[in-house]
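Reader: Before we look at any contacts, could you take me through how sheets and helix packing are read from a model like this?

Author: Let us take the sheet, then a pair of helices.

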Amino acid sequence: MTYITTPIFYVNAQPHLGHAYSTIVADTYSRYRRLCGDEVRFQTGTDEHGDKIVQAAEKTDVSPKEYVDQISRMFREAWPPLSIEPDNFIRTTDADHMKTVQQILQKVYDQDDIYFSEYSGHYCKGCERFLTEKELVDGKCPDHLTAPEVISEQNYFFRMSKYQQWLIDHIKENPEFITPERYRNEVLSFLKEPLEDLCISRPTSRLTWGIPLPFDDRFVTYVWFDALINYLSGLGYPDGENYSRFWKDAEHIIAKDILKPHAIYWPTMLRSMGVAPYKKLHVHGYWNVGETKMSKSLGNVVRPTEMVEEYGADTVRYFLLRDMSFGLDSGFSSESVVSRQNSDLANDLGNLFSRSLTMVMKFAKGKVPGAAEPEQIDQELKGAVIAMLAEYRQEMDNFSFNKALSAIWKVISLANKYIVENAPWELAKDTEKTDRLSTVFYYLLETLRLISLTLQPVIPTTSEKMRLALGIDQKPDLTDQATWGLLESGTVIHPPKALFPRIDKGKKKTKEQHPTQKKKKQKEAEDDNLLSFDEFKKVDLRVAEIVAAEKIKKSDRLLKLTVKAPEERTIVAGIAEFYSPEEAVGKQVIIAANLKPAKLMGVTSHGMVLAVKDKGKLHLSAVSDVVTPGSKVS
Ligand code: MSP
């Protein structure tokens, strides 16, 4: 069993990429656990009481209730376009939740763990809590960069200090209770100082938007005491079936901003209630823009919906999981998203998939062939895939999603090399090599099947596309499908569609520069002359490596090539009658790199590939050894 939760997000702001990250992690982990045969419950939701929400509602013309309904809906609707599928979406304004909070308060009050007293302290509205003197930096809250208000009032307090020693012992005895380790250490070091009791009420004279205390209606519940209980009320605590099934396997995902409420308030509250502590707390870092945390108060947010429109759900999911090392901060930039899409998804994975399947369609009648006796190169590929499966599971279990993905990408790049080294298009020319060709195809397709299986939790839509193209219709399952050799010969392969489009980085620029380019072009045409030696020297000849190739629609002659020289550029080459896209990819050729861009069949070509035509056949130019792409021809 696995019960996985995200924080419930405040409805004072619309969802941004930081919220999306925690929720994508939870979705990926729940898909992964399901793939391992586990039963999973995944919960997310919204936190709707407290000062912050009232203030946000006041800025609009609507009542707090209408306001929270609106924003909560935005959160709920933000997730399906990202292929996030929670089993439960909880709201702290749900009647069931409010009832559970009151039951728990009454229970804790009856056993004398809540008392009435006077308190004075530094209250940060952004954090919705009193900060200790130690937490202030230059008199300000380090997260919100605002000075807290000094508030003095009578309130109810939870005897948190009573459970301090128990909590220290529990963390020490359960090394995985708070992970990664740096956050466990942070909590233990915080617990070296005596813990203060927790103020758990707000007088209705100051705040009415909250859950009334069942034992004193002059007060409402402090928002954190209310919010943390969502993890239990969402399971139907105390007598719901889901509670008895899932609670013992609860794992919470949060960012480091809310470590203290989750690592200190929550376990001590549970202890007081007589409920077992959660199993694990997974703490991640921040998505930053430049040097600062992405946050609504700092006004530098990226909207998940816009990201999905621009790049698609799978690219966003892949990028977030690949670029962040769980626990550490990471920088966001659209350049890095584009680069992940172009190089990892379109080039490495997309190419491998479409090259392999196109060749099977062309040279193996579109069916999975049977493998003959493998050679060493085949065994090596198989060995690498099997090692990857083990590494993948270990890293996914550890929440090291970036490492799991990098293990898969090592196999992808090995499989791309395997194609170049085995040159199936050459084997296809020799009737005596049919067995060899079949083996190469089988090994490639089996590698692709296992790649698609491991990618399912991260990029579910693409994984499904891959599986359908490979003729697989079973539900993905790691327990019985993660072994080599399950793809049956004779299975019909479906022609591949591109998994990921390449994003043309120059596209926008080219458009914007168009008028000037046109003028320049006219002027240069006027100056046109015969080529002098000096002019010839101006031609920038370079070695370029073809990293992607595709046919241009409605043209028998043209291939659109993406080459590295060393930067990536598009070149349109009239070689389609002589080279298939999969033959072209991987070749090093010589290009003229500083030609004026020219548009051919709607595609702008930035340079020209040099080739030789001999006896009606075209041969691409080449250097005799493999060199660094971009090397100058002199
Ligand atoms: N309502 C409380 C949580 C109560 S849980 C019982 C809250 N809400 S929040 O809307 O402020 O969400 C904070 C959480 O959003 C973080 O812990 C993290 O999961 C996510 N993130 C918000 N900004 C983020 C980044 N810039 N980077 C990474 N995660 C971010 O706190």
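Reader: Which strands form the open sheet, and in what order?

Author: Strands of a sheet pair through backbone hydrogen bonds, in a parallel or an antiparallel way. Here 4 strands make an open sheet in the order E5-E4-E6-E8, with antiparallel pairing; strands (E, at least two residues) and helices (H or I, at least four) are DSSP runs numbered from the N terminus, and two strands pair if DSSP finds at least two bridges between them. Strand E5 (129-131) and strand E8 (198-199) are at the edges with a single partner strand each, so one side of each has no neighbour in the sheet. The model is predicted: local features need pLDDT of at least 70 and side-chain atom pairs pLDDT 80 or more, while totals for chains, interfaces and linings use all residues. Residues are numbered from 1 along each chain as its sequence is written, and side-chain values use heavy atoms, leaving out hydrogens and water.

Reader: Over how many bridges do E6 and E8 pair?

Author: Strand E6 (residues 149-158) pairs with E8 over 2 bridges in the antiparallel sense, and Phe 157 has Cys 199 of E8 as its bridge partner.

Reader: Which residues of H13 meet H15?

Author: Contact means heavy atoms within 4.5 Å. From H13, Asp 344, Leu 345, Asp 348, Leu 349, Leu 352, Arg 355, Ser 356 and Met 359 meet residues of H15, including Trp 409 and Ile 412.
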